[in-house]
Amino acid sequence: MKNESRRRAFKTRIAFALICLILCTPTLSMGWGAGGHMMVAQIAFGRLNSRARAQAKMLLAIPINPAAVSSKSKDFVSAAHWADDLRPFSAFDSCKPLHFIDSPFSTDGTALPAVPTPNIVTALEENVNILKTSTDKNAQAQALRLIIHFVGDIHQPLHCATRVDNAHPDGDHGGNLVSIMILGSNGKSKKTNLHSYWDGGIDTFPKTGANFAPPPLSEIGPAAALAMAGNPATNPALKLNDPFNFSAWADESTTLAKDVTYKGIANGAKPTAAYKKKSIKVVRQRVAWGGYRLAALLNAIWP
């Protein structure tokens with residue numbers, strides 16, 4: 001009886017987690033755009049061992065809800081933007097905080113708000129546990145899609161930091177409240193926000209189309225190769241032998257946000273050439289590292 005009660009309690013916890021996790025959709029912060037997420041997945045898929053690749057293909061073929069969204073992301077690379085594809089569904093608004101962990105820092109001594117939970121670190125831990133221990137294939141299929149996405153998100157610096165000051169005591173929502181001016185496709189200046197600018201890889205990643213349509217797969221391979229070219233997987237700082245240290249990944253992004261993303265850019269300003277050059281180097285590294293670490297994580301789950 002005791003073992004049966006434990007099994008029921010475990011299933012109840014899993015079910016509760018799934019109710020929450022299926023409802024994931026971003027808040028103001030979106031993480032990398034579809035192009036950046038697909039680049040991370042492209043890099044990872046090429047490094048999966050044979051068992052991990054077979055398991056991923058099997059799980060992604062399962063038609064989980066919402067069917068209209070999942071039917072468009074049956075392959076590993078396209079599955080990377082699944083969590084963001086839930087945006088139009090108002091029923092999926094319950095777990096917005098799982099896409100980020102806004103670690104606050106102050107520029108003027110303003111008291112820092114607490115880091116809320118759940119967040120992307122706890123979400124990765126929860127989903128990895130589902131992938132490792134659940135016998136429910138639908139639950140695993142869902143968890144895999146979320147892991148692919150969240151590993152990308154946690155490597156975006158502005159998904160792990162929020163700047164606090166007297167005007168924004170609760171933070172600037174990962175740069176969403178920082179307006180900047182950039183050059184539009186028509187050659188004219190247009191207003192955007194710092195977070196969106198970084199989501200798009202400083203305007204260098206494959207572009208999202210109308211109604212958030214993902215870029216074609218043909219553009220992802222070359223973009224991923226460019227990110228990897230200057231960022232080899234042999235860098236010891238990657239610590240690929242420690243693929244479950246999600247807090248460390250978040251801390252890296254927080255540091256980069258403070259040292260690079262927010263440095264040299266003012267509200268309403270236009271990014272300088274120097275700022276863009278340094279930032280492009282960072283976004284390419286973070287996408288490459290996200291891909292390498294995603295592969296190491298899944299290879300560790302399915303050795």
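**The largest pocket**

In this predicted model, 26 residues line the largest pocket, and Ser196, Asp199, Gly200, Lys207 and Thr208 lie nearest its centre. Two or more lining residues come from each of α2 (34-45), β3 (179-183), β4 (189-193) and α7 (194-199). Helices (H or I, at least four residues) and strands (E, at least two) are DSSP runs, numbered from the N terminus. By class, the lining comprises nine nonpolar, ten polar and seven charged residues. Ala, Val, Leu, Ile, Met, Phe, Trp, Tyr, Cys and Pro count as nonpolar, Asp, Glu, Lys and Arg as charged, and the others, Gly among them, as polar. The space in this pocket amounts to about 640 Å³. A pocket is an open set of points on a 1 Å grid over the protein atoms alone, where a 1.4 Å probe fits, with protein on both sides within 12 Å along at least five of seven lines; lining residues have an atom within 4 Å of a point. Points are joined across faces, edges and corners, and the volume is the space filled by probe spheres set on them.

As for the setting, the protein has ten helices and four strands, in the order α-α-α-α-β-α-α-β-β-β-α-α-α-α from the N terminus. Of its 303 residues, 51% are buried (under 20% relative accessible area, 1.4 Å probe, protein chains only).

Residues are numbered from 1 along each chain as its sequence is written. Local features need pLDDT of at least 70 and side-chain atom pairs 80 or more, while totals for chains, interfaces and linings use all residues, and side-chain values use heavy atoms, with hydrogens and water left out.

Terms used. Buried < 20%, exposed > 50% of the residue type's maximum accessible area, 1.4 Å probe, protein only.
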